[in-house]
Amino acid sequence: MAYEKKKDDSAQRLLREQIKNHDLQRLYVFHGEESYLKDFYKGEIEKQIGGTGFDEFNLIYLDGANMDEDAFNDAVESLPFGSEKKLVVIRDPEFSSWPARLKDALPEIFANLPEYLCMILLFQGIEYKPDKRQNLYKSIEKNGLAVEFSKAQSSELVKWLQRRFAANKKKISPADCDYIIFLCGSLMTNLITEVDKISAYAKGDVISRADIDAVASRVLEADVFDLTDCIMKGDYKKAISILRDLMEMKNEPVAVLAALTRQTQRIYAASLARKAGQGESYIMNLYNFRSSYPARLLMQAAGRTTPLRAARALDLCCQADTELKSNIPDQQRVLELVILRMAQVR
């Protein structure tokens, strides 16, 4: 069956349709942040092509960083064994490092892949940056389907989390799903581990906020949210305590300050939005949050300050950044001082 690439057709939807109809294309490009979805759809294709007992002949995996020309040609040209199709997965293809003769031949190869072949260019550790001026990428665009697996939106993630918990015979509210996304980040690959941990810890059938707090692994951004919230509330003792905990966990001072600066900038933006009569939905769209929870926290923090004070706090963060980059030996002291200086602003 021939599939027409329509502008209003998402690549993921088209990929699902092709898998459902057992009508795989000859060439795919899988890229984007969401490793879980890349692995999931690769697995779906593997299940269609494999399973004949001859996987070692029909499922071939090549290292795209160190490509051997003979291995590549053999993977493309050798016929499947005991199956109608074979799959060739090339992990992180760094085309610039490939042998010159092979690289020059790729546009023609991609344009004439045999019918029995399905090839996936799988970008995991490197970013897919197509230069559409080059014949290579023109050929990929014309003959393949590039599927970007981005982080899912909040509503999709909440439903997905509820299904994952249900598979573990647990129930969870949408609000607590939002809370998990805020605490642990929005990548499905990480969230799967958190779901399993929380499910194993929870004694009851319904996941509680206490269950989440007990075992969930917090991302740096979540801790910095708490830190800035303490600053806005005037609880500087607790803010310093959170900072010291972050240092104990071996977070780099530069990374902590970057997160603090980013969060302070968001509070400044939220205070301006609040003054202009905007609400949570505006902040959620502005920062493309996957959960409404951080937008709500930002608006609450903005209510405890003014745009002028938030701007001054942001300026102090920028000054601290200069100090950190001046090779001051006690970097933790620089971070503690910026918090105390924010106290004076308040």
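In which sense do strand 1 and strand 4 pair, and over how many bridges? In this predicted model, strand 1 and strand 4 (residues 117–122) run in the parallel sense and share 4 bridges. Within this pairing, F30 stands opposite L122 of strand 4. Strand 1 has a further partner in strand 5 (residues 145–148). That pairing is also parallel, again over 4 bridges. Here Y28 faces L145 of strand 5.

Strand 1 itself spans residues 27–31 and is mostly covered. Of its 5 residues, 5 are buried. In a regular strand, side chains alternate between the two faces of the sheet. In strand 1, L27, V29 and H31 point one way. Y28 and F30 point the other way. Both sets are buried. Y28 and F30 are also the residues placed opposite L145 in strand 5 and L122 in strand 4, respectively.

Helix packing was examined next. Two packed helices are described by the angle between their axes and the distance between the axes. Helix 12 (residues 236–248) and helix 17 (residues 331–345) have axes that come within 10 Å. The axes cross at roughly 160 degrees. Angles over 145 degrees count as roughly antiparallel, so helix 12 is roughly antiparallel to helix 17. The crossing of the two helices is right-handed. On the helix 12 side, the contact is made by Y236, A239, I240, L243, R244 and M247. Helix 17 contributes Q332, L335, E336, I339, M342 and A343. By residue class, the contact of helix 12 with helix 17 comprises 9 nonpolar, 1 polar and 2 charged residues. Among the charged residues are R244 of helix 12 and E336 of helix 17.

K169 is found in the loop between helix 7 (154–167) and helix 8 (174–184). What is the relative accessible area of K169? The value is 69%. Exposed means over 50%, so K169 is exposed.

N288 likewise has a positive phi, near 55 degrees, in a residue other than glycine. N288 lies in the loop between helix 14 (280–286) and helix 15 (292–302). Is N288 buried, partly exposed or exposed? Its relative accessibility is 40%, so N288 counts as partly exposed.

Methods
Residues are numbered from 1 along each chain as its sequence is written. This is a predicted model: local features need pLDDT of at least 70, side-chain atom pairs count only at pLDDT 80 or more; totals for chains, interfaces and linings use all residues. Side-chain values use heavy atoms; hydrogens and water are left out. Buried means under 20% relative accessible area, exposed over 50%, partly exposed in between (1.4 Å probe, protein chains only). Two strands pair if DSSP finds at least two bridges between them. Axes are lines fitted to C-alpha atoms, for helices over the stretch in contact, and angles run from 0 to 180 degrees between N-to-C directions. Angles under 35 degrees count as roughly parallel, over 145 as roughly antiparallel, 65 to 115 as roughly perpendicular and the rest as oblique. A crossing is left-handed if the near helix is turned anticlockwise from the far one by less than a right angle, and right-handed if clockwise. Contact means heavy atoms within 4.5 Å.
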